[in-house]
Amino acid sequence: MSVGETPITVVGNLAAEPELRYTPSGAAMVKFSVASTPRSYDKTTGQWQDGTAMFLRCTAWRDLANHVAETLTKGMRVVVTGRLRQHNWKTPEGENRSMLALEVDDIGPSLRFATAKVERVQRNGATSGPAADTWNTAPAGAAAVGDEPPF
């Protein structure tokens, strides 16, 4: 991350199906919106009150874009991290406009009210199995699964 960038994490629901596209050079890009609505408890009525929903436009690139398009669907609750960007433009009438958008660094389903089965993606030329698994943190010489513990 560069100096002066604004990192942000947003929790919300996908407002529509992610839109997967490809640039002329072949890079995958997905666009989607996350709706985040604050809620507060009103003690006088004894009920939860919804605040004003915020819709944040998000863009993810390359492998992450493909993973989003294959995994996430409209309505899913997600946790998104990235960098806030401001886009400025002029309308055909000459009026200045701007909007904030999120350039996504990471995204996943929220597990607060759901479950998910994570499937690891193999990179080019990678082999599968425990020996190639970088999440396998057993030290060299450690007992294999099913062996007696070392104590």
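The side chain of S36 has a polar atom 3.1 Å from the backbone oxygen of V11. Such a polar contact is a pair of N or O atoms within 3.5 Å; within protein, one must be able to donate a hydrogen and the other to accept it, and residues adjacent in sequence count only if both atoms are side-chain atoms. The model is predicted: local features need pLDDT of at least 70, side-chain atom pairs count only at pLDDT 80 or more, and totals for chains, interfaces and linings use all residues. Residues are numbered from 1 along each chain as its sequence is written, and side-chain values use heavy atoms, with hydrogens and water left out.

**Setting of S36**
- S36 belongs to strand β3, residues 28–36 (strands are DSSP runs of E, at least two residues; helices are runs of H or I, at least four; both are numbered from the N terminus).
- Leaving aside residues up to four places away in sequence, S36 touches V10, V11, G12, T52, A53 and M54 (heavy atoms within 4.5 Å).

**Second largest pocket**
- S36 also lines the second largest pocket, together with G12, N13, A35, T37, R39, W48, D50 and R77.
- Two or more lining residues each come from β1 (6–14), β3 and β5 (47–50).
- The lining comprises two nonpolar, four polar and three charged residues.

**Largest pocket**
- By class, 13 nonpolar, seven polar and nine charged residues form the lining of the largest pocket.
- Helix α1 contributes the most to this lining, with six residues.

**Pocket criteria**
- A pocket is an open set of points on a 1 Å grid over the protein atoms alone, where a 1.4 Å probe fits, with protein on both sides within 12 Å along at least five of seven lines; lining residues have an atom within 4 Å of a point.
- Ala, Val, Leu, Ile, Met, Phe, Trp, Tyr, Cys and Pro count as nonpolar, Asp, Glu, Lys and Arg as charged, and the others, Gly among them, as polar.
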